[in-house]
Amino acid sequence: MSEFDMLIVGGGASGLYTALCVSELAPDWTIGLITKDNLAVSASDWAQGGIAAVVDQNDSPRFHAQDTLKAGVGLCEPKAVDVLVNEAAKQIQKLLSLGVDFDRQQDGSLALTLEAAHSHRRVLHSADTTGRALVSKLAAQVLHTSNIQVFAETLILDLSIELAVETNLCTGVYYLDRHHQISYLQSSVVVLATGGGAQVFAQNTNPASSTGDGVAIAWRAGAVIRDMEFIQFHPTALAIPNAPRFLISEAVRGEGAYLIDHLGDRFVFNYDPKGELAPRDVVSRAIFKHLQITQEPTVFLDLSPISREAIAHRFPNIIKICHNWQIDIFSKPIPVTPAAHYCMGGILVDADGATSITGLYAVGETASTGVHGANRLASNSLLECFVFGERLARKVASSQSSSKFKIQSNSSEPEIKLNSEPSEQITERIQAIKTGIQNLTWQAAGICREQTELEVALSQIKLWQLQIQELQSPSRLWIETRNLADFAYLVIKSALFRTESRGAHYRIDYPETKADWQVHTVIQNHRIRTQAITN
């Protein structure tokens, strides 16, 4: 057993940045950073669009807050939004000091682009690989920080919880070591920064590692989970047979590209007066409905309104990926369809990242800070990682440096007892369940939802959860499938519970937005209820 002052699970932007902030504030601490891949594989690394922040004199945090609240359709936490927009500029300066290379204008000022539902140009970017630019700088910094120990290719199984009378304490993590044995790392502070769970859907834009690990792990430990029905479906994912659903950044539409159907019509204006620049959920549903009407497999993104020079400068990675699939974006439009992209809900946290379990924190997409509400405003997610990562670090470093928890020996044992190396037959069964979860969740809890289908799906997910427990094996496939099943359960249960349509959650049988549903949904263990917005 190894003991740390802090363990951070996740190697994306939020995990890396939080580790660096804690290291700066508490240089005598030992920090363990756990990632199931290497430091370059995360959804942050895939982020194309950019990071939203007010750095232009014609803009203001008030405008940014208004745009965020409007996109969130009444479910944002106003205080959390105020924190996000008012601390944004400081985080940009800090990232610049770390050497992050944002694009600049000819006069040296930061280049800003417009994205859907923003009232001003405020999205900073590094071509169309902003996430990669950020993560690469942060990862390099982490690897050169002496009090941060990286555990790469390490799979977390569950949290260790010390059972107490008034509150339960998180005391560490159980993980699968390189010998496929269950091992234990102890810490009085554990931070979950594992990203989202869009891999629960058959059609998604996320890396294969986005399997909802943090939310599933926290839920199994008894933490409160919030707003899991709100999944953002990105309108424009590359749609070619046998090709992964590569995201075509919203910035492409922000720079002037048109969405057209097979006849060349800009059909989105039939659904919303803002056309291509309507909020993501509106555009996704417009595409979904239009494809049902036309019975065509895709719509198209036409970049011809953008100059050739601007395309080459802003979207080199999109050019490269499309070229790999024999699409010359300079001469023909890109076939696109919606795909699951971002999870607005997650582990309920306060403004400093604390969950309902003492000693357990969460940050980034796996956390529910309240800034996204029912529909995330474009490019607020990377900003959230940095603003709330630093707040978490300051809170933990100030409260823990002088008096760390004394961990007792009555921590809970892991509930799982892994079998020996799985046979080919067991592996095939687990893979079949994983594929079944992804297809079922996409069908029942995708862009449009309905009660009967959700009820059938929930029953099937519960059955798969039991089967997964019987197939326990020391493999990444089993661990991720277990987490996907729990994540799917939370999404479908929440989508069934909310009998209205709001933001990214659309119920065919309850198409209206209802005033009495302007509340959060929260799940703890198997109990689901509503929670009021904090004014």
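**Notebook: salt bridges in a predicted model**

I looked up R122 and found it buried, with a relative accessible area of 0% (buried is under 20% relative accessible area, exposed over 50%, partly exposed in between, with a 1.4 Å probe and protein chains only). The model is predicted, so I took local features only at pLDDT of at least 70 and side-chain atom pairs only at pLDDT 80 or more, while totals for chains, interfaces and linings use all residues. Residues are numbered from 1 along each chain as its sequence is written, and side-chain values use heavy atoms, with hydrogens and water left out.

I then looked for the partner of R122: its side chain meets that of D59 in a salt bridge at 2.8 Å, N to O (a side-chain nitrogen of Lys or Arg within 4 Å of a carboxyl oxygen of Asp or Glu). This pair links distant parts of the chain, 63 residues apart: D59 is in the loop between β4 (51-52) and α3 (61-71), and R122 in the loop between β5 (112-113) and β6 (123-124). Helices (H or I, at least four residues) and strands (E, at least two) are DSSP runs, numbered from the N terminus. I noted D59 as buried too, at 9%.

Next I examined K94 and E24, whose side chains form a salt bridge at 3.6 Å, N to O. K94 lies in helix α5 (residues 88-97) and E24 in helix α1 (residues 13-25), 70 residues apart. I recorded E24 as exposed, at 56% relative accessibility. A network of salt bridges links E24, K90, K94, E390 and R394.

For R253 and E250 I found a salt bridge at 3.9 Å, N to O. Both lie in helix α8 (residues 250-254), three residues apart, about one turn of the helix. R253 is buried at 2%, and E250 is buried at 2%.

My count by this rule came to 24 salt bridges.
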